[in-house]
Amino acid sequence: MLDWKSLHNTINSSAKIMLSTHENPDGDGLGSATAVWHYLTQIGKDCRLIHVSDLPMEYNFLNPDNIIETYRPEIHDTWISKADLAIIFDVGDFNRLRQVGEQITSNSIKAINFDHHPDLKDKRFTNNYIQITAAATGEMVYDFLKAANVDLNLAMANGIYTAVMTDTGSFCYSNTNQKCHQIAIECLELGVNTAKIYQRVYESRTPGQVKLLADIINNLDYSNNRELASFTISQEMMNNANANKKDIDGFSDFIRTIRGVEVALMIFENANGTCRINFRSKGKYIINTIAKSLGGGGHKFAAGAVQTGNLVDVANKVLAETHSQLTKQDSSFS
Ligand SMILES: [Mn+2]
């Protein structure tokens, strides 16, 4: 159990507190941060939730009071410079805070890493509250609030439920534990509309996203005894489908659902000469070690990395590395 009391003490002795999460935020980061925003505001803190990306449309329901802000230097820099504390949710890597992280370091703001990703021992964090066994950062937020006997309200419960639901693939992935369901029960008791949240998050695909998915399915590559299914997404494919970066979320999870496939691998060409790599495992293979050897990281069964280079070169390199590591892991099962 983490020392939540020490975090509550730190919060109690701070007046201005910034909350943030990673770029291209997901339900876990946003749900965790909004839940804590509602708590901190309730206890009278001057609190703002600022992150670098635009809020993905499907998470608008977490933002009825416009508490989620997209970082703009001219709007936020003065306020941030006076902040006593920053609490960062689900970030995995400090660099994923982008300009918000730069503001934290340049103003020497005390920064709390509140996360279920592995500890990268980044000195830019002052304190770490890390629990890699938690299915979602939202599960840790639940513990953090319970440790102070906070009565959850509906707004907090909406955030926590969204966090746990999205990081467990709606309570289906292998990380789902009893506590996730216990949290869900409590959220239902508090009036969370779980069907509505599911619909907002998962039933809002754009036509571009579906067109892109069709293209990917038509060009899937199977290897390693068909246990590895990989696909690449070029900028040209993105343009043809009129899709945006956000649209690729969930594709690796979907490809992993194919019978016999143990690992899904996506290599996505960014517009800036880098490629984003994404691994999803059903559980037979550990893939964050592969991500790590490519300069990235993540969870045992969901991980990623970024590589510089064109799509073809990066794909060749990543596939070679993946083949070799999966083969190695394979030969260690016996
Ligand atoms: Mn998470």
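Here's a quick tour of this structure, from its domains down to its sheet and a few helix contacts. Keep in mind that you're looking at a predicted model. The chain is assigned two domains: domain 1 covers 4–202, and domain 2 covers 207–332. The elements picked out below include an open sheet of six strands and helices such as α1 and α5.

**The two domains**
- Where they touch, seven residues of domain 1 are in contact with seven residues of domain 2.
- On the domain 1 side of that contact, you'll find two nonpolar residues, four polar ones and one charged one.

**The sheet**
- Reading across the open sheet, the six strands come in the order β3-β2-β1-β4-β5-β6, and the pairing is parallel.
- In general, strands of a sheet pair through backbone hydrogen bonds, in either a parallel or an antiparallel way.
- β3 (68–70) and β6 (127–130) take the edges with a single partner strand each, so one side of each has no neighbour in the sheet.
- Going from strand to neighbouring strand, the average turn is 25°, with direction ignored.
- Zooming in, β1 (residues 16–21) and β4 (residues 85–89) pair in the parallel sense over five bridges.
- Ser-20 has Ile-88 of β4 standing opposite.

**A helix across the strands**
- Helix α2 (residues 27–42) lies across β1, β2 (46–51), β3 and β4.
- Relative to β1, α2 runs at about 165°.

**α1 with α5**
- Two packed helices are described by the angle between their axes and the distance between the axes.
- For α1 (residues 4–12) and α5 (residues 137–147), the axes come within 9 Å and cross at roughly 75°.
- From α1, Trp-4, Lys-5 and Leu-7 meet Asp-143, Phe-144 and Ala-147 of α5.
- This contact is made up of four nonpolar residues, two charged ones and no polar ones.

**α5 with α6**
- α5 also has α6 (residues 154–167) as a partner: their axes come within 7 Å and cross at roughly 145°.
- On the α5 side, the residues taking part are Thr-137, Gly-138, Glu-139, Val-141, Tyr-142 and Leu-145.
- They meet Met-156, Ile-160, Ala-163 and Val-164 in α6.
- Sorted by class, the contact of α5 with α6 has seven nonpolar, two polar and one charged residues.

Technical notes:
Residues are numbered from 1 along each chain as its sequence is written. This is a predicted model: local features need pLDDT of at least 70, side-chain atom pairs count only at pLDDT 80 or more; totals for chains, interfaces and linings use all residues. Domain bounds come from an automatic or database domain assignment. Ala, Val, Leu, Ile, Met, Phe, Trp, Tyr, Cys and Pro count as nonpolar, Asp, Glu, Lys and Arg as charged, and the others, Gly among them, as polar. Axes are lines fitted to C-alpha atoms, for helices over the stretch in contact, and angles run from 0 to 180 degrees between N-to-C directions. Helices (H or I, at least four residues) and strands (E, at least two) are DSSP runs, numbered from the N terminus. Two strands pair if DSSP finds at least two bridges between them.
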